[in-house]
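The sequence and the structure come first.

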Amino acid sequence: MPSKKLYVVLKGGAAVRDGVELTSAKVGKIEAATLVELLEEGRTASGTPRARVSSPACAGWVSFKTLRRSTPGEVAAAAQRVEDEAAAAATRAREAAAAA
């Protein structure tokens, strides 16, 4: 299978496991907006689609739901939105604490 490049788009990143099954050990996490290489496609015993990927952080199996083909600009915009949302939430928390 030819190599494909995909981006992790799940806001919280993608949990990486050492095997295709969801019961296999977690070996790491790939952060949102990270470019990964798709090495293999697979399915769990119950039929859930999974992807074996490699990134600078780690390699292993992730959910296909966490991956998208996107341009770097789209990923950068999504990452900026995540940062903006986190900053706004922190500001709201500080304001609420100050008002209490």
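In this predicted model, the chain has a radius of gyration of 16 Å, whereas a compact globule of 100 residues would have one near 13 Å. The C-alpha trace spans about 55 × 30 × 25 Å along its principal axes. Of the 100 residues in the chain, 26% are buried. The chain exposes about 6200 Å², and 56% of that comes from carbon and sulfur atoms.

The chain contains 7 strands and 1 helix, in the order β-β-β-β-β-β-β-α along the sequence. Among contacts between residues at least 6 apart in sequence, 48% join residues at least 24 apart.

The largest nonpolar core has 12 residues, among them Leu-6, Val-16, Ile-30, Leu-38, Val-53, Cys-58 and Leu-67. At least two residues of this core come from each of strands 1, 2, 4 and 5. Their residue ranges are as follows.

| Strand | Residues |
|---|---|
| Strand 1 | 4–8 |
| Strand 2 | 14–17 |
| Strand 4 | 35–43 |
| Strand 5 | 49–54 |

Leaving aside residues up to four places away in sequence, Cys-58 touches Val-16, Gly-28, Lys-29, Ile-30 and Val-53.

The whole structure holds 1 salt bridge. It joins Arg-52 to Glu-40, with the closest N and O atoms 2.9 Å apart. Because Arg-52 lies in strand 5 and Glu-40 in strand 4, the pair ties together parts that are 12 residues apart in sequence. Arg-52 is partly exposed, with a relative accessible area of 30%, and Glu-40 is also partly exposed, at 34% relative accessibility.

Terms used. Residues numbered from 1 in each chain as written. Predicted model: local features only at pLDDT ≥ 70, side-chain atom pairs only at ≥ 80, totals over all residues. Heavy atoms only, no water. Core = buried A, V, L, I, M, F, W, Y, C linked by side-chain atoms within 4.5 Å. Buried < 20%, exposed > 50% of the residue type's maximum accessible area, 1.4 Å probe, protein only. Helix = DSSP H or I, 4+ residues; strand = E, 2+ residues; numbered from the N terminus. Contact = heavy atoms within 4.5 Å. Salt bridge = Lys/Arg side-chain N within 4 Å of Asp/Glu carboxyl O. Rg over C-alpha atoms; globule rule 2.2 N^0.38 Å. Areas by Shrake-Rupley, 256 points an atom, 1.4 Å probe, with all protein chains shown as cover.
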